[in-house]
Amino acid sequence: MKDPDSDFGRPMPPAAHQDGAVATLDRGATDRTRAASGEAGQRTDVGVASSGARGRAMRISVFGIGYVGAVTAACLCRDGHSVVAVDPNDVKVNEVNDGLAPIGEPGLGDLVATAVASGRLSATRDAAAAVAATDLSIVCVGTPSNPNGSLDTRYVARVAEEIGAAVAGKPGHIVVIRSTMLPGTMRDLVIPTLERTSGGIAGKDFGVAYYPEFLRESTAILDYDDPGTIVFGAIDERTVTALSGLVAHLGVKPIVVDIDTAEMIKYVNNAWHAAKISFANEIGNICKGVGVDGHTVMNVLCQDTRLNISRAYLTPGFAFGGSCLPKDLRALRYKARTIDVATPMLNSALFANEIQLERAFQMVAATGARRVGFLGLSFKANTDDLRESPLVELAEKLLGKGYSLKIYDPSVSYSELTGANLQYVMSHVPHLSRLLVDTIEEMCVDAEAVVIGKKDPGIARLVKRLRGATPIIDLVRIDAEQRSNGAYTGICW
Ligand SMILES: NC(=O)c1ccc[n+]([C@@H]2O[C@H](COP(=O)([O-])OP(=O)(O)OC[C@H]3O[C@@H](n4cnc5c(N)ncnc54)[C@H](O)[C@@H]3O)[C@@H](O)[C@H]2O)c1
């Protein structure tokens, strides 16, 4: 069905495809900066849902009349669009056509009844007819677990075949997937299936996007109208424009990323929520055991929006350390043990930290180098505190395995180390005085690999000088744009 005249606008900038970089396409540089700095998704005004058209009314087919599809279809109709809902399940199709909600969700019955009565909502089993009658298809079919925990993508694959076949005679159609799918599912399954069955090219002959759904059952309509973020993973501008039109009234600026990133964001959201719940429960259990009210504790914790409920500590990188976190986690865990409270989350936090340290060690080992330049030693920048610094532990491990190190840390002067700090480092890296050097240049002399454990003003110069020739292990992401490539390896980028 290739149609050389069909125009999906400029393809997305390559950076947005490959880097997961936040791009906002048709918005200005200010918005781009804002999005990249994490402010994207902020409210521009308060979206108030009501009936009546919003922006350009579209004709939309929604595939899957389950919890997500039914709410999506009903809200789109309420917002002035017309929707054909598609599902192989006769019962659901009949219910919708009778003006009844096919699932239990507060407020949904009224929306469906109004939408059907107005003629804006109908349901069918006929995928081809639904695609033919609409401009944009939104896929909300289930992606359940297989018995081994892997993702069952058969419904997504089937629906992609159906839509692809229907799109074959219909250039310009837009296909948007909202089902939760692992990164790479669009790239390796959905897009190839759509291209194979339609004979067209994604982003050129038909639009395609991944638009993760974050709604929660029981508050699904409220969540639809008041989303925390809106994320589009897209490869063509026209699709982004169409999707932006559907959500413009919500007052939340969509964040546009590449498709794999959008798929991943959905999982990370859910993993984060699950981790929060288990953490809160575990703290509650310990609190009860020590006679403290856990709700009060967590309530106070949440009131610190600088360090606790914030971006702080949420940047992927190297292990934590220092004189407080490891010690205090161990003490809390020990106390819990004495009162028979299990602490799998705290145990995992400590275990995960060891894994991150081991990961850094393995990265150095993989270079094959034996002489290593080591930038940074104290547990974070601008302190000479070496106690439980993960960089000291990494250095100790490397030395123990016979590596020779030259260590540079502008915050650490051997002659000024005293007390517990000196004691700690003497017990872990006894020959430190012989290993410390005064400049980055000295650190690099004879180095067969360089470990960057700290951001330093001289680092950019160093990296430029070494680029390509000497392996670099970066634990701090000295350059936000850089990904592991050639001689450069980032610990988790
Ligand atoms: N339920 C939630 O709260 C929620 C929230 C966010 C994201 N999600 C994700 O959204 C997706 C849908 O979840 P759900 O809870 O709505 O699922 P669901 O099981 O309630 O509904 C899925 C529907 O898809 C239909 N279907 C299957 N094959 C089809 C086909 N070829 N064409 C048309 N329809 C077809 C099924 O008959 C079913 O009615 C899943 O990937 C889920 O992980 C769910």
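Trainee: Which hand does the crossing of H11 and H12 have, left-handed or right-handed?
Mentor: The crossing of H11 and H12 is right-handed. A crossing is right-handed if the near helix is turned clockwise from the far one by less than a right angle, and left-handed if anticlockwise. The model is a predicted one, in which local features need pLDDT of at least 70, side-chain atom pairs count only at pLDDT 80 or more, and totals for chains, interfaces and linings use all residues. Residues are numbered from 1 along each chain as its sequence is written.

Trainee: At roughly what angle do the axes of H11 and H12 cross?
Mentor: Helix H11 covers residues 259–289 and helix H12 covers residues 294–303; their axes cross at roughly 130° and come within 8 Å. Axes are lines fitted to C-alpha atoms, for helices over the stretch in contact, with angles from 0 to 180 degrees between N-to-C directions. H11 and H12 are therefore oblique to each other (under 35 degrees is roughly parallel, over 145 roughly antiparallel, 65 to 115 roughly perpendicular, the rest oblique).

Trainee: And which residues make the contact?
Mentor: H11 contributes Ala280, Ile283, Gly284, Cys287 and Lys288, while H12 contributes Gly294, Val297 and Met298. Contact requires C-beta atoms, placed from the backbone, within 7 Å. By class, the contact of H11 with H12 holds five nonpolar, two polar and one charged residues (Ala, Val, Leu, Ile, Met, Phe, Trp, Tyr, Cys and Pro are nonpolar, Asp, Glu, Lys and Arg charged, the others, Gly among them, polar).

Trainee: How many residues does H11 have, and what does it reach from its first C-alpha to its last?
Mentor: H11 has 31 residues and reaches 46 Å from its first C-alpha to its last, close to the 45 Å expected at 1.5 Å a residue. The expected span is 1.5 Å times one less than the number of residues.

Trainee: Which residues of H11 are buried?
Mentor: In H11, Ile259, Thr261, Ala262, Glu263, Ile265, Lys266, Glu282, Ile283 and Ile286 are buried. Buried means 20 or more other C-beta atoms within 10 Å, exposed 12 or fewer, and partly exposed in between, with C-beta atoms placed from the backbone. Just after H11, Gly291 has a positive phi of about 75°.

Trainee: At what angle do H8 and H11 pack?
Mentor: The angle between H8 and H11 is about 110°, and their axes are 9 Å apart. That makes H8 roughly perpendicular to H11. Thr185, Met186 and Arg187 of H8 make the contact with Ile259, Asp260 and Glu263 of H11. The residues of this contact divide into two nonpolar, one polar and three charged.

Trainee: Turning to H7, what do its buried residues pack against?
Mentor: The buried residues of H7 are Val156, Val159, Ala160, Glu162, Ile163, Gly164, Ala166 and Val167. They pack against strands E1 (59–63), E4 (136–139) and E5 (174–177) and helices H6 (127–132) and H8 (185–198). At 1.5 Å a residue, the 14 residues of H7 (154–167) should span 20 Å, which agrees with the 20 Å between its end C-alpha atoms.

Trainee: How many helices and strands does the chain have?
Mentor: The chain has 19 helices and 13 strands; helices (H or I, at least four residues) and strands (E, at least two) are DSSP runs numbered from the N terminus. Of its 493 residues, 38% count as buried. Among contacts with a separation of 6 or more, 70% join residues 24 or more positions apart.

Trainee: Which residues of H13 and H14 meet?
Mentor: Leu329, Leu332 and Arg333 in H13 meet Leu346, Asn347, Ala349 and Leu350 in H14. By class, that contact has five nonpolar, one polar and one charged residues. Helices H13 (residues 325–338) and H14 (residues 344–367) pack at an angle of about 145°, with axes 10 Å apart. Their crossing is left-handed.

Trainee: Where does Tyr313 lie?
Mentor: Tyr313 lies in the loop between H12 and H13. Its phi is near 65°, a positive value in a residue other than glycine. Most residues other than glycine have a negative phi. Tyr313 is exposed, with 10 other C-beta atoms within 10 Å.

Trainee: What is the phi of Asp446 near?
Mentor: The phi of Asp446 is near 70°, which is positive in a residue other than glycine. Asp446 is in the loop between helix H18 (440–444) and strand E11 (449–452). Asp446 counts as exposed because it has 10 C-beta neighbours inside 10 Å.

Methods:
Two residues are in contact if their C-beta atoms, placed from the backbone, lie within 7 Å.
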